[in-house]
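Visitor: Hello! Could you show me the structure and help me see what the words used for it rest on?
Guide: Gladly, here it comes.
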Amino acid sequence: MMKKIKNLYDDLHWEIATGYSDGTKKKVLRNDNNGETILLKLPEGFYMAPHSHVTTEQHFVLEGEYQSGGEIYPAGSYQIFSSGMDHGPFESKKGALILIVWDPFK
């Protein structure tokens, strides 16, 4: 059986990302027992308050940039947050495209 290929940059499979700022969209690439991988499209003026997760989270900035903890993370940046680690707030003045990977729940 051949796996379906999802194009990261096309207009297919985007949905409203609930729990995020208005205008934020996501494309789910993987959601199973092995964790979750999504593309998160941040709109201009994006803001998210500080928070933490019960599993490790990784960010790969593919386009645009966001700011967090007084630092700017442009395209090509990578961050990793351990489970239980507070991170944020996150802001994006002009928008960004972020690949986010969450490890499996233990």
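Visitor: What makes a residue of this chain count as buried, and what percentage of the 106 residues does?
Guide: A residue is called buried when its relative accessible area is under 20%. In this predicted model, 36% of the 106 residues count as buried.

Visitor: How do you know what the chain is built from, helices or strands?
Guide: A helix needs at least four residues and a strand at least two. By that rule the chain has zero helices and nine strands. From the N terminus on, the order reads β-β-β-β-β-β-β-β-β.

Visitor: Why does the radius of gyration agree with a compact globule?
Guide: For 106 residues, the globule rule gives a value near 13 Å, and the chain has 14 Å, so the two agree. Along the principal axes, its C-alpha atoms fill a box of roughly 45 × 35 × 25 Å.

Visitor: What makes the peptide bond from glycine 88 to proline 89 cis?
Guide: Its omega is near 0°, and the bond is cis. Proline 89 sits in the loop between strand E7 (78-81) and strand E8 (90-92). Most peptide bonds are trans.

Visitor: And what is there to say about the phi of histidine 13?
Guide: Histidine 13 is not a glycine, yet its phi is positive, about 70°. Most residues other than glycine have a negative phi. You can find histidine 13 in the segment before strand E1 (15-16).

Technical notes:
Residues are numbered from 1 along each chain as its sequence is written. This is a predicted model: local features need pLDDT of at least 70, side-chain atom pairs count only at pLDDT 80 or more; totals for chains, interfaces and linings use all residues. Side-chain values use heavy atoms; hydrogens and water are left out. The radius of gyration is taken over C-alpha atoms; the globule rule is 2.2 Å times the number of residues to the power 0.38. Buried means under 20% relative accessible area, exposed over 50%, partly exposed in between (1.4 Å probe, protein chains only).
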